[in-house]
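Me: I have just opened this structure and would like a guided look at it. Could you take me through it step by step?

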Amino acid sequence: MKNIVNNYSMIVSVMILILVTSCKSESKFKFIPLDKAEYETTIDGKKVGLFNLENKNGLTVQITNYGGRIAALWVPDRDGNFKDIVTGYDSIEGFIGNTNYFNGIIGRYGNRIARGKFTLNAKEYSLAINNAPNSLHGGNVGFDHAVWNVERSTKDSLILTYLSPDGEEGYPGNLSVKVIYSLNDSNELKIDYQAETDAPTVVNLTNHAYFNLAGHDNGDILGHILMINADKFTPVDSTLIPTGEITDVAGTPFDFRIPAAIGERINADDRQIKYGMGYDHNWVLKKTGNEMSLAAKVEEPVSGRVMEIYTTEPGIQFYAGNFLDGTIMGKDSTSYKYRHAFCLETQHFPDSPNQEDFPSTVLNPGETYRTSTIHKFMCK
Ligand code: GLA
């Protein structure tokens with residue numbers, strides 16, 4: 001019996017290897033990348049531009065140093081046709097006005113801090129309440145609206161730095177941040193985050209990319225098949241602040257251990273689903289420490305595009321675009337409608353500064369904050 005099971009799992013593994021292959025690299029239909037000139041401007045005396053990373057397969061990532069935002073991400077489908085699979089704008093003005101955090105670097109603290117307050121070394125700090133009654137994604141002007149310094153830009157990497165001054169958005173300590181985007185020939189887009197501080201503070205950095213693997217202008221994401229490598233998630237209250245519990249996903253609409261369509265249970269009669277207006281929750285990733293491990297995998301059956309996400313972080317926020325309402329006019333005159341894109345934000349858990357039992361987000365002088373996330377693209 002054991003042998004039969006072993007043989008069976010070997011056959012399945014081989015089949016998966018055959019099915020998940022690299023995408024054809026010759027583009028049948030050439031794509032036209034975003035025009036760099038449309039991103040050239042000066043904000044607060046600092047130069048803003050658009051920087052392209054490209055690998056030997058033609059996979060292309062276009063990033064602006066305004067908020068470190070991924071403006072476009074061109075990925076082939078199973079037939080070698082390239083599509084831009086992130087939301088965005090034809091020019092920089094759109095990102096300047098964007099309040100949905102489109103594809104930006106989120107900081108100083110990704111996701112919510114309850115009532116915008118936390119205590120560190122007996123001192124209470126107050127943050128902007130920009131998502132009443134809480135503080136969200138760094139406050140009124142988060143890192144996604146900062147002009148980052150371009151330390152180095154090559155065909156395969158972009159190094160951005162930003163000095164967040166002491167007291168910015170209420171956070172203590174001068175925080176010196178470095179974010180490195182790099183692209184290799186295995187279709188892996190890696191984001192490395194580093195930070196140092198001169199006073200105790202809290203840090204939780206992520207990227208808020210909105211994906212639609214069928215193409216940014218290709219309708220809703222409900223048919224995408226999602227796997228999240230997590231046995232547990234952090235349930236929230238009605239303001240989307242974690243209750244502090246760590247709950248099993250088994251038997252709930254939050255169980256994505258076996259791949260399932262995003263749309264299958266998104267409207268389930270479930271209190272957590274109601275609070276999130278769909279999925280807008282943090283999953284507790286299955287891992288032993290802060291090793292780089294598989295967090296999630298998404299497949300879009302029609303195009304065959306597959307994205308795997310690996311991270312050193314303990315959590316991932318899966319947000320199904322529940323606040324998109326068609327009012328944003330983006331690239332190629334696309335209006336981004338309800339659930340037309342999804343986010344998988346690798347992170348420490350929301351509200352960790354107020355939750356003793358969650359992994360700590362405190363950074364002290366002399367320490368270096370380091371986390372990394374990889375987005376790997378394949379075809380099926
Ligand atoms: C995160 C939050 C969501 C929403 C989006 C941006 O994913 O958890 O509630 O605010 O960012 O709109």
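Me: Which domains does the chain have?
Reply: The domain assignment of the chain gives two entries, domain 1 (7-207) and domain 2 (220-361); such bounds come from an automatic or database domain assignment. Please note that this is a predicted model, in which local features need pLDDT of at least 70 and side-chain atom pairs count only at pLDDT 80 or more, while totals for chains, interfaces and linings use all residues. Residues are numbered from 1 along each chain as its sequence is written, and side-chain values use heavy atoms, with hydrogens and water left out.

Me: What separates the centres of domain 1 and domain 2?
Reply: The centres, taken over C-alpha atoms, are 17 Å apart.

Me: And how many residues are in contact between them?
Reply: Domain 1 contributes 39 residues, which are in contact with 32 residues of domain 2. Contact means heavy atoms within 4.5 Å.

Me: Now the ligand. Why does it lie between the domains?
Reply: The ligand lies between domain 1 (7-207) and domain 2 (220-361) because both give residues to the shell around it.

Me: How many residues surround the ligand, and which are the closest?
Reply: There are 13 residues around the ligand, and the closest are R112, H137, H208, D280 and E345. A residue counts as near a molecule or strand if one of its heavy atoms lies within 4 Å of it.

Me: What classes are in that shell?
Reply: The shell has six nonpolar, four polar and three charged residues. Here Ala, Val, Leu, Ile, Met, Phe, Trp, Tyr, Cys and Pro count as nonpolar, Asp, Glu, Lys and Arg as charged, and the others, Gly among them, as polar.

Me: Which side chains have an N or O atom by an oxygen atom of the ligand, and at what distance?
Reply: For R112, a side-chain N or O atom is 2.7 Å from an oxygen atom of the ligand. For H208, the corresponding distance is 2.8 Å.

Me: Changing topic, what is the order of the nine strands in the open sheet?
Reply: The order is β12-β13-β14-β15-β28-β24-β23-β18-β21, and the pairing is antiparallel. At the edges are β12 (149-153) and β21 (260-261), each of which pairs on one side only. Strands (E, at least two residues) and helices (H or I, at least four) are DSSP runs numbered from the N terminus, and two strands pair if DSSP finds at least two bridges between them.

Me: How many bridges join β18 to β21?
Reply: Two bridges join β18 (residues 225-228) to β21, in the antiparallel sense.

Me: What about β19, which strands does it pair with?
Reply: Strand β19 (residues 230-234) runs antiparallel to β22 (residues 280-285), with four bridges, and F233 has W283 as its bridge partner there. With β20 (residues 247-248), β19 has two bridges, again antiparallel; in β20, D248 is the bridge partner of K232.

Me: Where is N229?
Reply: N229 is in the loop between β18 and β19. A polar atom of the N229 side chain lies 2.9 Å from the backbone oxygen of L294.

Me: Lastly, which peptide bonds are cis?
Reply: Among them are the bond joining G107 and R108, with omega about 5°, and the bond from A132 to P133, with omega near 5°. R108 is in the loop between β7 (105-106) and β8 (112-113), while P133 is in the loop between β10 (123-126) and β11 (135-136).

How values were computed:
A polar contact is a pair of N or O atoms within 3.5 Å; within protein, one must be able to donate a hydrogen and the other to accept it, and residues adjacent in sequence count only if both atoms are side-chain atoms.
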